[in-house]
Amino acid sequence: MKANELFYMIGNIDDAFISEAYSPKRNSLKTFIIKVAALAACFAMVLSVILLYGMGDSDAGAYYIEGGVCIPPNTISVKNGTECDMIGFFIYNGRWYTEYDVFEAGSVKIGEKLGTVVYGLDEWSEKDEYIELSGSAMGDFYGVEGFNTEFMLCMLPEDGRIRIFINDNGLTLKKGSDLYEKKFALSESYRTVEYQTYSDWYYGADNMGRISEENAVIFENFVYGLNEGGFMLSKDAVENGLSSANEIYHLFINCESGIAVHLRLHDGGYVRFDGMLSICVKVDEAVFDSLISILN
């Protein structure tokens, strides 16, 4: 679960749980203590995420510009002692690359070696230790064929898999095409599309569906709508109902490069890229509903 998700999820805690936890007259003292402790642990988790949020989800400082959003270059906004080692990232050419996903060996074409992260960072690192070629992810890093190195790099851990990192900050995004076409060339490079319900994804169920060729036009209309939609801050979409409670499907758009573009679909036509959860695009609802109809 990513840091951003907890912000949405905390708002969906059933009031009945809180009420019940603070009603000892209906429960034994032992039960009451357990429930209060559970609530305290939940809020402590959220507090730790808030401290981590500024670095781990480095798109968290996004703000509006004329016609779109800006995700500013990352800065050190965490205090000594926060758990930065939970999130894989490193600094190269002044850019922060955050771990996006892991793919099987051979599925992604690796480019040339660009450098080595040699300075390790952990939860006790001081601000002045966040320097070039430092990070919580250590080792050699490479380009990824088909992608600008200013956006995507990778590492090759000993288990043979490929760790993908993206630069999710220092970006100006107006329309969906600024991300999905300029970074991923989505409409031209996609090959297959798999999907899961939110519940199946959340619980790790191994039951992916696939959009058939006969429904390709519906999916391509969705991509067109995604590209034409304007970016907005997810926190503003929350006011219109965006939350984990209405996150209905996850799409995995498998591209020719071997990279899968992971999208989260919410009721109302809101779509978030899994690598930049603090921003979203609202797709035309008729187009969005047509896609959902072939997933149900």
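This is a predicted model: local features need pLDDT of at least 70, side-chain atom pairs count only at pLDDT 80 or more; totals for chains, interfaces and linings use all residues.
Numbering starts from 1 along each chain as its sequence is written, and side-chain values use heavy atoms, with hydrogens and water left out.

Start with Asn 227. It sits in helix α7, residues 216–228. Helices here are DSSP runs of H or I, at least four residues; strands are runs of E, at least two; both are numbered from the N terminus.

Is Asn 227 buried or exposed? Buried, at 8% relative accessible area. Buried means under 20%, exposed over 50%, partly exposed in between, with a 1.4 Å probe and protein chains only.

What does the Asn 227 side chain join? The side chain of Glu 181, through a polar contact of 2.8 Å. Such a contact is a pair of N or O atoms within 3.5 Å; within protein, one must be able to donate a hydrogen and the other to accept it, and residues adjacent in sequence count only if both atoms are side-chain atoms.

Now the sheet. It is open, with seven strands ordered β13-β12-β15-β16-β17-β18-β14, and the pairing is antiparallel. Strands pair if DSSP finds at least two bridges between them. β13 (209–210) and β14 (231–233) each have a single partner strand, so one side of each is left without a neighbour in the sheet.

β14 pairs with β18 (residues 279–282) over three bridges, antiparallel. There, Met 232 stands opposite Cys 280 in β18.
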